[in-house]
Amino acid sequence: MTHALNRRTFLKTASGLVIAPALGLDALSAQAADACPNVVVGTWGGDYLNLLEQNIGKPIIEAAGGKVTYDSADQVARMTKLRAEKASRRGSLDVACLADLDMYDINRSGILEAIDPKLVPNLANTLETLRRPYSIPHIFSAMVIVYNPEKLGTKPDSFMAALDPKLKGKVGFSDILYNFNVVSSSLAAGHKNGDTAGGMQFLRELRKSQQPKVYPSNEAVASALKSGDIWFTCMWKARALQWKKAGVPIDYVVPKEGAVPVTFEAAVPRNSQSKPCGFNYLNAMLDPRAQIGFAETMGYAPTVKNANLPPSLQQSVGFTNAELDRMVKLDYAKFTADKPALLDFWNKEFKVGL
């Protein structure tokens with residue numbers, strides 16, 4: 001399911017609105033960006049939508065004379081809409097934002113237009129390992145250990161620390177991250193070759209000895225850390241940064257066994273009514289100005305090398321060379337195929353009685 005990423009590979013970089021059915025991508029690339037008065041972006045609501053507007057919509061798209069209309073919903077509703085509209089020649093979205101695994105799943109259904117670098121010139125600045133043929137990488141983070149330094153004293157360097165007897169009753173998990181919890185546990189157990197059995201066995205031992213707690217959401221985990229109900233969890237680094245900034249008494253560390261990255265991506269559906277506008281918006285998402293804005297506010301690392309973050313911000317949201325060396329990459333095909341079995345284990349064995 002996973003394999004280690006070499007740092008050199010990770011850092012290497014590659015040097016009318018309604019489209020008639022016969023109009024190919026080469027023709028689209030010749031259309032000027034200012035020929036896009038409107039683009040419809042399917043995205044999450046809340047902070048993510050607000051930051052899209054603050055860092056992309058107003059300063060880049062609207063400044064060039066365009067307009068952005070947002071179609072906000074959770075990812076399940078957005079995936080349902082994309083699938084329901086697949087057979088229609090006139091889709092309702094020009095851009096779809098999804099997390100990497102969901103985007104992979106949608107692409108398997110033949111819904112997304114292939115990315116042409118000519119239409120998204122800023123793609124040349126992205127981290128090569130984060131690129132997909134069907135989407136652009138917007139922002140990324142990775143699963144880290146999040147802990148209460150006052151309670152633990154010693155900084156943990158591995159998720160194996162969750163088995164420390166002094167953490168009995170103080171280890172917590174987010175229910176919605178069940179599959180990543182299993183993968184992180186597999187890494188701690190020494191498995192990087194796609195064998196999640198090691199992670200499930202690790203969690204069985206943890207359940208037996210530590211009486212861990214499971215919370216319905218990431219926000220509930222943050223509340224438990226703040227109240228002292230738990231002292232230890234695994235979570236996206238960007239979330240941990242947000243929590244720490246909000247006053248939750250935590251610190252974080254990339255585990256020595258490696259960390260699984262998460263990338264939030266964007267793509268253009270094949271039946272977009274405004275493909276030039278969709279690709280123009282994807283290009284704006286990779287603009288260094290937009291990338292810096294998300295790093296400053298949400299704590300996600302830029303996916304482009306030319307963002308040039310201030311040193312203190314880079315140290316906060318980014319990853320060191322050693323941490324990048326330990327970063328792993330999911331085999332999306334296998335991880336997606338294993339997901340039902342992981343959910344079955346999580347619900348019927350690990351969570352029961354906790």
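## Contact between H5 and H15

In this predicted model, helix H5 contributes Asp-100, Leu-101, Tyr-104, Asp-105 and Arg-108 to a contact with helix H15, where Tyr-332, Ala-333, Phe-335 and Thr-336 meet them. By class, this contact of H5 with H15 comprises five nonpolar, one polar and three charged residues.

Two packed helices are described by the angle between their axes and the distance between the axes. For H5 and H15, the packing angle is about 95° and the axes lie 10 Å apart. Angles of 65 to 115 degrees count as roughly perpendicular, and H5 and H15 are therefore roughly perpendicular to each other.

## The course of helix H15

Helix H15 spans residues 332–350, a run of 19 residues. Its end C-alpha atoms are only 24 Å apart, whereas a straight helix would reach 27 Å at 1.5 Å a residue. H15 has a kink of about 45° at Lys-339, shortly before the proline Pro-340.

## Buried residues of H15 and their cover

The buried residues of H15 are Tyr-332, Phe-335, Thr-336, Asp-338, Leu-342, Phe-345, Trp-346 and Phe-350. Their cover includes the helices H5 (100–108), H7 (178–188) and H8 (197–210). Strands also take part in this cover, including E6 (172–174), E7 (213–215) and E12 (328–330).

## Gln-291 in helix H12

Gln-291 belongs to helix H12, which covers residues 288–298. Because its relative accessibility is 0%, Gln-291 counts as buried. Leaving aside residues up to four places away in sequence, Gln-291 touches His-138, Met-285, Leu-286, Pro-302, Thr-303, Val-304 and Ala-307.

Key: Residues are numbered from 1 along each chain as its sequence is written. This is a predicted model: local features need pLDDT of at least 70, side-chain atom pairs count only at pLDDT 80 or more; totals for chains, interfaces and linings use all residues. Side-chain values use heavy atoms; hydrogens and water are left out. Helices (H or I, at least four residues) and strands (E, at least two) are DSSP runs, numbered from the N terminus. Buried means under 20% relative accessible area, exposed over 50%, partly exposed in between (1.4 Å probe, protein chains only). Contact means heavy atoms within 4.5 Å. The expected span of a helix is 1.5 Å times one less than its number of residues. The bend at a residue is the angle between axes fitted to the seven residues ending there and the seven starting there. Axes are lines fitted to C-alpha atoms, for helices over the stretch in contact, and angles run from 0 to 180 degrees between N-to-C directions. Angles under 35 degrees count as roughly parallel, over 145 as roughly antiparallel, 65 to 115 as roughly perpendicular and the rest as oblique. Ala, Val, Leu, Ile, Met, Phe, Trp, Tyr, Cys and Pro count as nonpolar, Asp, Glu, Lys and Arg as charged, and the others, Gly among them, as polar.
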